[in-house]
Amino acid sequence: MALLNNLGNHYTVCGDAGQAQSYFERVVKINPQHANANLQLARIAADRHQGTQALAYLARVADTQPATSMLRAEALHWAGKPVAALAILDGLQNEAARDQRLGFLFGLTCARIGAYDRAEAAFNALLAQHPDDFDVLFNLGRAAARAGHYDRALRALDVAVRLQPGKVDALLELAEVNAALHDYARAIYLLVQARQLDPGRPEIPLALAHAAQEGEYYGDAAIAYDDYLRLRPADDAARRDRALIYGYTDTRLAEGLKELAWYIQKHPGDPLGYYDLAQLSWRDRPQEALGQLATALRLNPELAAAHVDLAWLLNRLGRTAEAIPHFQKALAINPRDFRALDQLGSAYLTLDRPADAEKALRQAVAIAPDNPEILMHLGRALMELGHEEEARQYLTKFQSIRPSRVRGPWKQPGMIESASLSAAARGKREIERLGQDAHTHPDDPELQLRLASLLLTEGRVEEATAEFRVLLTRNAEDRIWQEAGSFLLGFEQYPLAREFLQRAAIGRPAANLDLAIALFFLDGPATALRTLEQVPVQEQAGDYLLLKARILDASGQGDEAEKVLERGLQLSISRPQLARQAALLLVRHNRKELALDLLAKANLAKSDLANPDRANPDRANPDLLLTSAIVLGLMERNAAAEKVLKEIESQWPEWDRPYLVHGLLLERGQPREARQKLQTAVALGSHDPAVRCAVARLTPSAPLDPQCSCVSGLYELLFPKCSPP
């Protein structure tokens, strides 16, 4: 019996509870009252949350020591008797405070039964006596994190990791806390350290995948899921989550859809499978996505996220009235979901119900007072209700806190490598790395192009120009010359773009189209037209004809330009700006219906802008949409123009210019509503003279600025001159 007991103790120390249990059970068969065996079996049962079984073992133990009493409290908790459990702990609190060993065990017991506030207090008291004790710091951090006290957890775990940087559990806990605080870069950095210390531990790549996913580093998340599933290939839930991330990377969308189809076939009762599939299909197959979300809700009517997403998609498809009940259901499940409240308010605005919108948005702003979108939508609602002063306060606050630039998801991997760096440091490091690589490998012009392009993107124009000139000295193929020239055109660097495109056009005659654009701005229409004629016939698609029409019109050949435009409308168009310029040409020649057709054809969504109900704003180009609204207004199709403007205001609510257009559209027939739209534009930072002049026209006592004759209506927004051309 002694040998069996010792073997049980041995396997307990080794962490093999199953083997330990088998030996201790053999001991109690011989001696049912064996104290150690019953205590160890109670410990094993409590760890498995088998409270009744643990109490049965403890009933055979007469020991009343504090450690045994704490185990009994744990067993009572898992047996469904939490009040009795806490009563035992209350009785031990003073004794635990006087003894460090008991105090530590008291904290562990509280944490095990979910009494995290008590555990945090116990470990905090111990830390006051032993501020450099790793075990105390580590358990304090864990308890504080689970109590939701992340700042306290962060401080404790930071010190613990500094004391023992090789402790993987501490790195994992600290990473989880950083992720909870939305510092995903730091979380990833810590998890990478943990993975280097213990590459075979599956929790690490799974935590890394979750942190990368939450931080929208989708390329890195996909790799982390791959690593985890190599260690745990039977985890179907992780395969489901990975499939969603595959879809977010774009390059692996087909793989993600295939994985989700497999998962749903194997697990048809899991609503998350259908929910995730909808996340990947809503853009291209919105009707299928609606069905998938409906299935998810049939399987789990309390899945709030599915209600929100279904409502959002219905709203995007113009079925806003159907969306409202789903927003309301989501809020019945979670009344503090400020994003659902915000979207509900925005939907009410779309339905011209500003009073209902105000109610929802005031609830949202009370929960998230610094959320820019909520401030924006509430300002709009108040403006429409005539509460202009209060509206301006919210819109002014929106202006002060709105992000100047929002980073989109990182669909390619790389974040794990540079997780510990700030955005500026990452950019600097990438430039340094590319610079070193480009100068070390002068035979690789692709590296030089990437270096120069990155510098220009970062606004370092002089350095970029120097690096582009270095690229001109390299032995590059025509593709590189054309890519460089086209990139420079986008930044209006016409002289340098010309040099690259002239080289590209020698071997790639199609590059003459981009070269013609550069020459149009540098040398005028005659030179540009001669160059454009060098584009091969097979490459003369819609973009070619639109550019040619613009050049012809600029050279005074209006009739010929119009004929070319007619032909261009029959061909494919890929450049929105060329399409817009050509549409303006048609407007100037009073061919507004054709202008609308051209804008619709060029729009990325292939939307019918004259029939906005069929538009797809998620794929639309905002400049083309706004131009179409102005054209509709010039055609006095005000209802259609308003529909387009409302779509723009819903999709890009922070953009001031649509409110200016909306105000000018309403100026004559609805002066009160027009003033509200114009004041919204001002609150969003518009300095366009057209706003000031329109407000002055709506204010009888206001003196008119002579400049206002130049901006008297919608037409001047397209052609900003005193005399229409």
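Mentor: Searching the whole structure gives twelve aromatic pairs. A pair here means rings of Phe, Tyr and Trp (its six-membered ring) with centres within 6.5 Å; planes under 30 degrees apart count as stacked, over 60 as edge-to-face and the rest as tilted. One of the pairs is Trp262 with Tyr263, which is tilted, with 6.5 Å centre to centre and 55° between the planes. The model is a predicted one, where local features need pLDDT of at least 70 and side-chain atom pairs count only at pLDDT 80 or more, while totals for chains, interfaces and linings use all residues. Residues are numbered from 1 along each chain as its sequence is written, and side-chain values use heavy atoms, with hydrogens and water left out.

For accessibility, buried means under 20% relative accessible area, exposed over 50%, and partly exposed in between (1.4 Å probe, protein chains only). Trp262 has 28% relative accessibility and so counts as partly exposed, whereas Tyr263, at 5%, counts as buried. Phe487 and Phe491 also form a tilted pair, because their ring centres are 5.0 Å apart and their planes stand at 40°. Phe487 is partly exposed at 25% relative accessibility, and Phe491 is partly exposed at 36%. One aromatic cluster is made up of Phe468, Trp481 and Phe500.

Two of the tryptophans just named also have an arginine over the ring. A charge sits over a ring if NZ of Lys or CZ of Arg is within 6 Å of the ring centre and within 35 degrees of the ring normal. Arg239 places its charged end over the ring of Trp262, 3.7 Å from the centre. Over the face of Trp481 lies Arg503, 4.9 Å from the ring centre.

Now the disulfide. The structure holds one, where the term stands for a pair of cysteine sulfur atoms within 2.5 Å. Cys693 and Cys708 are the residues joined, with an S to S distance of 2.1 Å. The torsion about their S-S bond is about -85°, so this disulfide is left-handed. It links distant parts of the chain, 15 residues apart: Cys693 is in helix H40 (residues 689-697), and Cys708 is in the loop between H40 and helix H41 (714-718). Helices (H or I, at least four residues) and strands (E, at least two) are DSSP runs, numbered from the N terminus. Cys693 is buried at a relative accessible area of 0%, and Cys708 counts as buried at 9%.
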